[in-house]
Amino acid sequence: EVHIVESGGGLVQPGGSLELSCVTSGFTFSDDEMGWVRWGQGKGPEFTASIWSDASRTNYIDSVKGRFTLSRDNAKSTLTLHMNDLKPEDTALYFCARGGPRSWYKYTADWGQGTQVTVSS
(Lines give C-alpha, C1' and ligand atoms only; values in the text may rest on other atoms or scores of the structure.)
Protein backbone atom coordinates (compact mmCIF):
# COMPACT_ATOMS: atom_id res chain seq x y z
CA GLU A 1 0.00 0.00 0.00
CA VAL A 2 1.32 3.40 -0.97
CA HIS A 3 1.80 5.94 1.80
CA ILE A 4 2.76 9.54 1.21
CA VAL A 5 3.06 11.99 4.09
CA GLU A 6 3.76 15.67 3.55
CA SER A 7 4.92 18.12 6.18
CA GLY A 8 6.57 21.50 6.60
CA GLY A 9 3.83 23.89 5.61
CA GLY A 10 2.80 26.88 7.65
CA LEU A 11 2.11 30.59 7.75
CA VAL A 12 4.90 32.78 6.47
CA GLN A 13 5.23 36.42 5.51
CA PRO A 14 5.91 37.43 1.91
CA GLY A 15 9.59 36.99 1.17
CA GLY A 16 9.93 34.22 3.70
CA SER A 17 11.01 30.62 3.26
CA LEU A 18 9.67 27.17 3.96
CA GLU A 19 10.89 23.63 3.41
CA LEU A 20 8.33 20.99 2.52
CA SER A 21 9.12 17.34 3.10
CA CYS A 22 7.55 14.17 1.77
CA VAL A 23 8.09 10.70 3.20
CA THR A 24 6.96 7.80 1.07
CA SER A 25 6.58 4.03 1.26
CA GLY A 26 4.84 1.21 -0.56
CA PHE A 27 6.38 1.71 -4.00
CA THR A 28 9.85 1.82 -5.54
CA PHE A 29 10.57 5.48 -4.99
CA SER A 30 13.84 5.40 -6.90
CA ASP A 31 12.02 4.31 -10.08
CA ASP A 32 9.59 7.22 -10.17
CA GLU A 33 9.77 10.80 -11.28
CA MET A 34 8.35 12.77 -8.35
CA GLY A 35 6.97 16.23 -7.85
CA TRP A 36 4.68 18.61 -6.05
CA VAL A 37 1.20 19.68 -7.06
CA ARG A 38 -0.43 22.63 -5.36
CA TRP A 39 -4.08 23.44 -5.07
CA GLY A 40 -5.05 26.97 -4.24
CA GLN A 41 -8.45 27.90 -2.89
CA GLY A 42 -10.87 28.46 -5.74
CA LYS A 43 -8.32 27.19 -8.25
CA GLY A 44 -7.56 23.90 -9.92
CA PRO A 45 -4.49 21.75 -9.23
CA GLU A 46 -1.25 23.17 -10.51
CA PHE A 47 1.76 20.99 -11.13
CA THR A 48 4.59 22.97 -9.59
CA ALA A 49 7.88 21.08 -9.79
CA SER A 50 9.27 17.65 -10.63
CA ILE A 51 12.53 15.74 -10.42
CA TRP A 52 13.64 12.76 -12.43
CA SER A 53 14.08 9.42 -10.71
CA ASP A 54 17.87 9.75 -10.70
CA ALA A 55 17.69 13.44 -9.73
CA SER A 56 19.53 14.39 -12.90
CA ARG A 57 16.90 16.87 -14.00
CA THR A 58 14.32 19.11 -12.41
CA ASN A 59 11.40 21.02 -13.91
CA TYR A 60 9.60 24.03 -12.49
CA ILE A 61 6.69 26.13 -13.59
CA ASP A 62 7.75 29.62 -14.57
CA SER A 63 6.25 31.30 -11.54
CA VAL A 64 8.52 29.43 -9.11
CA LYS A 65 11.72 29.21 -11.12
CA GLY A 66 14.63 30.67 -9.20
CA ARG A 67 12.69 30.53 -5.93
CA PHE A 68 11.91 26.83 -5.42
CA THR A 69 14.42 23.99 -5.37
CA LEU A 70 13.42 20.35 -5.45
CA SER A 71 15.61 17.51 -4.26
CA ARG A 72 15.25 13.85 -3.38
CA ASP A 73 16.94 11.15 -1.35
CA ASN A 74 16.35 7.80 -2.98
CA ALA A 75 17.95 5.93 -0.09
CA LYS A 76 15.35 7.36 2.29
CA SER A 77 12.47 7.62 -0.22
CA THR A 78 12.00 11.27 0.58
CA LEU A 79 11.38 14.43 -1.40
CA THR A 80 12.16 17.99 -0.29
CA LEU A 81 10.99 21.30 -1.68
CA HIS A 82 12.89 24.38 -0.59
CA MET A 83 10.78 27.49 -1.14
CA ASN A 84 12.33 30.94 -0.94
CA ASP A 85 10.98 34.44 -1.53
CA LEU A 86 7.44 33.22 -1.04
CA LYS A 87 4.61 35.24 -2.49
CA PRO A 88 0.90 35.39 -1.59
CA GLU A 89 0.13 33.58 -4.85
CA ASP A 90 2.09 30.59 -3.55
CA THR A 91 -0.63 30.04 -0.96
CA ALA A 92 -2.06 26.58 -1.54
CA LEU A 93 -2.33 23.04 -0.27
CA TYR A 94 0.78 21.25 -1.50
CA PHE A 95 0.71 17.57 -2.40
CA CYS A 96 3.70 15.32 -2.95
CA ALA A 97 2.99 13.53 -6.21
CA ARG A 98 4.25 10.52 -8.06
CA GLY A 99 4.91 11.16 -11.70
CA GLY A 100 5.97 14.15 -13.74
CA PRO A 101 4.17 17.01 -15.45
CA ARG A 102 2.44 14.72 -17.93
CA SER A 103 1.61 11.81 -15.65
CA TRP A 104 0.95 13.08 -12.10
CA TYR A 105 -2.81 12.98 -12.59
CA LYS A 106 -2.67 9.18 -12.86
CA TYR A 107 -1.57 8.86 -9.23
CA THR A 108 -3.92 11.13 -7.32
CA ALA A 109 -5.26 8.13 -5.43
CA ASP A 110 -1.84 7.91 -3.77
CA TRP A 111 -1.85 11.47 -2.48
CA GLY A 112 -1.53 12.17 1.19
CA GLN A 113 -3.29 14.89 3.15
CA GLY A 114 -1.07 17.60 1.76
CA THR A 115 0.54 20.42 3.68
CA GLN A 116 -0.89 23.94 3.75
CA VAL A 117 1.30 26.87 2.81
CA THR A 118 -0.09 30.31 3.56
CA VAL A 119 1.82 33.42 2.58
CA SER A 120 0.39 36.51 4.17
CA SER A 121 1.45 39.58 6.07
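A nonpolar core, as I use the term, is a set of buried Ala, Val, Leu, Ile, Met, Phe, Trp, Tyr and Cys residues joined through side-chain atoms within 4.5 Å. Buried means under 20% relative accessible area, exposed means over 50%, and partly exposed is in between, with a 1.4 Å probe and protein chains only.

Two notes on the source. This is a predicted model, where local features need pLDDT of at least 70 and side-chain atom pairs count only at pLDDT 80 or more, while totals for chains, interfaces and linings use all residues. Residues are numbered from 1 along each chain as its sequence is written, and side-chain values use heavy atoms, with hydrogens and water left out.

Let's start inside. In soluble globular proteins, nonpolar side chains tend to be buried together. Here the largest nonpolar core has 23 residues. Which of them touch the most other members? They are Trp 36, Leu 79, Leu 81, Met 83 and Tyr 94. Strands S3, S4, S5, S7, S8, S9 and S10 (115-119) each supply at least two residues of this core. Strands here are DSSP runs of E, at least two residues long, numbered from the N terminus.

Take Met 83. Contact means heavy atoms within 4.5 Å. Leaving aside residues up to four places away in sequence, Met 83 touches Gly 16, Ser 17, Leu 18, Leu 20, Arg 67, Phe 68, Tyr 94 and Val 117. Another core lies apart from the largest one. It has six residues, among them Val 37, Phe 47, Trp 104 and Trp 111.

That brings us to the rings. A pair of aromatic rings is described by the distance of the centres and the angle of the planes. Rings of Phe, Tyr and Trp (its six-membered ring) pair if their centres lie within 6.5 Å; planes under 30 degrees apart are stacked, over 60 edge-to-face, and the rest tilted. How many aromatic pairs does the structure hold? Five. Trp 104 and Tyr 105 have ring centres 6.4 Å apart and planes at 85°, so that pair is edge-to-face. Trp 104 and Trp 111 have centres 5.9 Å apart and planes at 20°, so that pair is stacked. Trp 104 is buried at 13% relative accessibility, and Trp 111 is buried at 15%. Ring pairs link Phe 47, Phe 95, Trp 104, Tyr 105 and Trp 111 into a cluster.

Charges meet rings too. A charge sits over a ring if NZ of Lys or CZ of Arg is within 6 Å of the ring centre and within 35 degrees of the ring normal. The charged end of Arg 72 sits over Phe 29, 4.4 Å from the ring centre. Arg 98 lies over the face of Phe 27, at 4.1 Å from the ring centre.

Asp 32 lies in the loop between strand S3 (18-25) and strand S4 (34-39), and Arg 98 in strand S9, so the pair ties together parts that are 66 residues apart in sequence. Both Asp 32 and Arg 98 are buried. A salt bridge, by the way, is a side-chain nitrogen of Lys or Arg within 4 Å of a carboxyl oxygen of Asp or Glu. The whole structure has seven.

Next, Asp 90 and Arg 67. They form a salt bridge with the closest N and O atoms 2.7 Å apart. Asp 90 is in the loop between S8 and S9, Arg 67 in the loop between S6 and strand S7 (68-73), 23 residues apart. Asp 90 is buried at 1% relative accessibility, and Arg 67 is buried at 7%. Salt bridges with shared partners join Arg 38, Glu 46, Arg 67 and Asp 90 into one network.

Now strand S1, residues 3-7. Its side chains alternate. S1 and S3 pair in the antiparallel sense over five bridges; strands pair if DSSP finds at least two bridges between them. Ser 7 has Ser 21 of S3 as its bridge partner.

Last, the backbone. Most residues other than glycine have a negative phi. Ala 55 has a positive phi, near 65°. Ala 55 lies in the loop between strand S5 (45-51) and strand S6 (58-60). Asp 85 also has a positive phi, about 50°. Asp 85 is in the loop between strand S8 (78-83) and strand S9 (92-98).

Note on methods: Helix = DSSP H or I, 4+ residues; strand = E, 2+ residues; numbered from the N terminus.
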